Each structure stands twice: as structure tokens, then as C-alpha cells.
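Reader: Please show me the model, and then let me ask what stands behind the terms used for it.

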Amino acid sequence: MKIVALPLLITFLQSPACLSVTVSSSKPKVEVHEHTDAVLACEFRTEKDQNPRIEWKKRGKGVTFVYFDGKFSESYARRAKIEGATMTIHSVTQKDSGEYRCEVTASQDHVNLGETTVSLNVLVPPHVPACEVPGSVFAGSGLELVCKDKLSVPPATYRWYKDNRALTASADSPYSMDTHKGTLKFKSVSKADSGMYRCESSNSAGAPKSCVAQQLKVIEYQLSLTTLIAGAAGLFLLIFMCCLGVCLCRRRGCCKREKTAKSSKSYSSPPPPPPPPTRNFKNYKHTQSFMI
């Protein structure tokens, strides 16, 4: 039985099904800082084909070629190199982040295509955040200060400062902070909240960055809100009463009589035209006769 099984094992090992290309990566996830080199490892093994075709592609909204037919695409031509099937990209930026696929085609092998995937994450240090701080606000009103750094990778966390002192939110503080969204919220600001405010963004890729401090001025009301509402209601009522009085006057004819009297005083009739001239027949002399 053993003698029969041995030739079958040798035949199976020599069968075309074993002649296949295998592709793998020793580092399928790569994280590098911006403006440094990224090495995307791709190792392969073939059974027969000693000169396989190597391709690199990048997945995004679609699939784009990075390395094809022995050449790099235009955007990688001057800043990338390949050794075996391993690709190195020099001076990477955030745009280079993504998923790359290494494909090896060995036409002489039975299974002639193998592939592996390598993800590249480019770390970007904090940038100067955009800070939104109003110049002035009325006391008693709500307020939200906003801080945002859209470029840092991984996403930045935020801290707010008032007069160069870090703010820490607690149950007793009149404000609340969201370190991930970069917001500083006041339910009701007071005169004590006036000061110079700035925000700082930070992540693990580099040193923190801060925006320029901006002045916040809290203006106190000279009149209470209730007084202002009462004054506005009184003004509205006064205007309404005036309009009502004018309407009643017109209905009773007071306004019409007064206008008629005024118009009769100001109007005067024009003088009569002069009478036509009369002829004096007594002094008329016949100077010429004529016949019909």
C-alpha cells in the first residue's frame, strides 16, 4: 500500500496545479510622516517564470496605474523607484495616502496571477487652526467659539486659552468644551468672560500649533431686557392709537369739513370778461355805393 501511495504523491507534487505564483507583503500597513520616504514592500515567488510582469495600482474613486509596463505614471515618475516588486515613494504628501495593490503576472506558471495590498497612511503635523472669536457680545447671551484644523492627520485635538491660561471645563464652570470638535460654549456670558482667547491644535505627528489670540469684549445692558420689551410694546400701542384716532375722525367727517373750509378760503373766482365793443352809427358816413 505504501509503495503505491509514493508514486501518487510524486505525481501530485509535479502536477501543474502546484506551479503557481505567490505574492505577499512583509508590511501591509505603512505609516510615515509627510515629506519622508514610504517603502511599500511586495515579495513574490514563481515556479517557472523568472521574469514576471509587475504592476502597482492605487485604489480611490477608481483604480489608477502607478507602475505599468516597466514605467511609472507621470505623477510618480520623478519621485518613485522599484526594486524587485517593492516600490519606494519619495517625499510623500497627504495625497499619497490610500490603498495600493501589487500584482505579479507569471505567464509560465499554472496559476499565473498573484496580488497583495498595502495601505499607506501619511501623517501630517498640526497646522495653525482657524479660530472664530467675535469682537463683542452682549452680557447674558449664549456664545460659541470655534476652532478647526482640517489638514492634520490623525485629526487634531483642541485646547482653548484665555489670557494665556488653559481653560478646563468642570461642573461649576460657566462653559463647556469639546476637545475633538474644537468648540468652547457659554450658556450665558458675563463681564468676567472678557479677555484674549486663542486655540491650540495638537496630534501625535508633530508639535502643536496655535492661532493668534483675539479680544472678546462682553457689553453689559444699560436697560434690562424686560424694560426694552415693555418700551417696544408701548411704542406699538401709541402708534396703533394714533391710527385709530385718524380713522374715527375720517368716519365722522371732521377731516373733510376742515379741508373744505380751508379750500373755500384759499379759492377766489376769476373776474368776468369785458363786454364786446359797440359801434356808433351816428357818426358813420357812407363813402361808397355799390350795386347788387
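**Terms and values**

Author: Ser91 lies in the loop between β9 (86–89) and β10 (98–105). Strands here are DSSP runs (E, at least two residues), numbered from the N terminus. This is a predicted model, in which local features need pLDDT of at least 70, side-chain atom pairs count only at pLDDT 80 or more, and totals for chains, interfaces and linings use all residues. Residues are numbered from 1 along each chain as its sequence is written, and side-chain values use heavy atoms, with hydrogens and water left out.

Reader: Why is Ser91 called partly exposed?

Author: Buried means under 20% relative accessible area, exposed means over 50%, and partly exposed is in between (1.4 Å probe, protein chains only). Ser91 has a relative accessible area of 39%, so Ser91 is partly exposed. Its phi is near 45°, a positive value in a residue other than glycine.

Reader: What makes Asn164 count as exposed?

Author: The relative accessibility of Asn164 is 60%, and therefore Asn164 counts as exposed. Asn164 sits in the loop between β15 and β16 (165–166). Its phi is positive, about 65°, although Asn164 is not a glycine. Most residues other than glycine have a negative phi.

Reader: How do you know that β17 and β18 pair?

Author: Two strands pair if DSSP finds at least two bridges between them. Strand β17 (residues 175–178) and strand β18 (residues 183–186) have four bridges, in the antiparallel sense. Met177 has Leu184 in β18 as its bridge partner. The two strands form a hairpin with four residues between them, and Gly182 in the turn has a positive phi of about 80°.

Reader: What makes β2 and β7 edge strands?

Author: An open sheet of six strands runs in the order β2-β11-β10-β5-β6-β7, with mixed pairing. The strands β2 (29–33) and β7 (71–72) each pair on one side only. For β7, the antiparallel pairing with β6 (residues 63–68) has two bridges. Phe68 stands opposite Lys71 in β7.

Reader: What is the mean pLDDT of the protein, and where is the pLDDT below 50?

Author: The mean pLDDT is 83, and 77% of the residues reach 70 or more. The scale is the predictor's confidence in each residue, from 0 to 100. Over residues 258–264 the pLDDT is below 50, and beyond near neighbours in sequence this stretch has zero contacts in the model (contact means heavy atoms within 4.5 Å). Where pLDDT is low, the predicted coordinates should not be read in detail.
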